[in-house]
Amino acid sequence: MDNGEAKYISKYIDSPNEPLYPFGFGLGYANIDIVHIKVTNHVISSSGTIELVVQLANTSDRSGSTVLQCYTHQIVGETVRPLKELKWFKKIYLPANSKKEAIISLPVNNLVSVHSDLRSYVDEGYYDVMVGLNSSELSHDDIQIKYLEEK
């Protein structure tokens, strides 16, 4: 290749766009996994609370801790929201060879966004709720927000 072509070669654009480690990734000595996630109510009023019950299990012979994370995404809405928006997190300690249940309680008010008329309210519609131990390995479930009163 001559020098005319060399000036158009990029050394950094050809690398992957994903981070080396996802947000929340951590190495530990314990093997902690999410066993089951249950959404208590799939249809919620705009003044209600999103509640999830998450069962965690430590299958190793060592005690350990992990950070449970909950993200949301508005599937269709008046405003544009991020694909993953961290709304809740908690550090959870599990003894060796044990199971634990964590309850995620997320008020619908946490989903408020500012609209074009400069009013803040939660859009009615479907939301994707994601739960996981890091931002790339998430379990998804859908909920629906319905207005029972005027905005």
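A pocket is an open set of grid points with protein on both sides within 12 Å along at least five of seven lines. In this predicted model, the largest pocket holds about 510 Å³ of space. Its lining comprises 23 residues, and those nearest the centre of the pocket are Gly26, Ala30, Ile32, Thr66 and Leu133. Strand E1 (32-39), strand E4 (64-74) and E9 each give two or more residues to this lining. The greatest contribution comes from E4, with four residues. Sorted by class, the lining of the largest pocket contains nine nonpolar, 11 polar and three charged residues.

The protein chain as a whole contains one helix and 10 strands. Read from the N terminus, the order of elements is α-β-β-β-β-β-β-β-β-β-β. The chain has 151 residues, of which 36% are buried. Of the contacts between residues at least 6 apart in sequence, 65% join residues that are at least 24 apart.

Strand E10 (residues 138-146) pairs with both E2 and E9. Strand E2 (residues 43-45) runs parallel to E10 and is joined to it by three bridges. Within this pairing, Ser45 has Lys146 of E10 as its bridge partner. Strand E9 (residues 125-132), in contrast, runs antiparallel to E10, with eight bridges between the two. Gly125 is placed opposite Ile145 of E10.

One cavity of 30 Å³ or more is present in the structure, and the largest cavity contains about 70 Å³ of space. The residues that line the largest cavity are Thr72, His73, Gln74, Arg81, Pro82, Glu85, Lys87, Asn110, Leu111 and Tyr127. Two or more of the lining residues come from each of E4 and strand E5 (85-94). As in the largest pocket, where E4 gives the most to the lining, E4 is also the main contributor to the largest cavity, here with three residues. The cavity lining divides into three nonpolar, four polar and three charged residues.

Two residues of strand E3 were examined individually. Asn58 lies in E3, which spans residues 49-58. Asn58 counts as buried because its relative accessibility is 2%, and the limit for a buried residue is under 20%. The side chain of Asn58 comes to 2.8 Å from the backbone oxygen of Arg62. Apart from neighbours within four places in sequence, Asn58 makes contact with Ala30, Asn31, Ile32, Ser63, Gly64, Leu94, Pro95, Ala96, Asn97 and Ser98. Among these contacts of Asn58, Ala30 and Ile32 are also listed with the residues nearest the centre of the largest pocket.

Glu51 is likewise part of strand E3. Its relative accessibility is 33%, so Glu51 counts as partly exposed, a class that lies between the buried limit of 20% and the exposed limit of 50%. When residues up to four places away in sequence are not counted, Glu51 touches Lys38, Val39, Thr40, Ile104 and Ser105. Glu51 is also 7.0 Å from Ile103, C-alpha to C-alpha, although 52 residues separate the two in sequence.

Backbone geometry was considered next. Most residues other than glycine have a negative phi. Asn97, which is not a glycine, has a positive phi of about 50 degrees. Asn97 is located in the loop between E5 and strand E6 (98-107), and is one of the residues in contact with Asn58. The position of Leu118 is in the loop between strand E7 (113-114) and strand E8 (120-121). Leu118 has a relative accessible area of 71% and therefore counts as exposed.

How values were computed:
Residues numbered from 1 in each chain as written. Predicted model: local features only at pLDDT ≥ 70, side-chain atom pairs only at ≥ 80, totals over all residues. Heavy atoms only, no water. Pairing = 2+ DSSP bridges. Buried < 20%, exposed > 50% of the residue type's maximum accessible area, 1.4 Å probe, protein only. Polar contact = N/O pair within 3.5 Å; in protein donor to acceptor, adjacent residues only side chain to side chain. Contact = heavy atoms within 4.5 Å. 1 Å grid on protein atoms, 1.4 Å probe; cavity = no way out; pocket = protein on both sides within 12 Å on 5 of 7 lines; lining within 4 Å. Points joined across faces, edges and corners; volume = space filled by probe spheres on them. Nonpolar A, V, L, I, M, F, W, Y, C, P; charged D, E, K, R; others polar.
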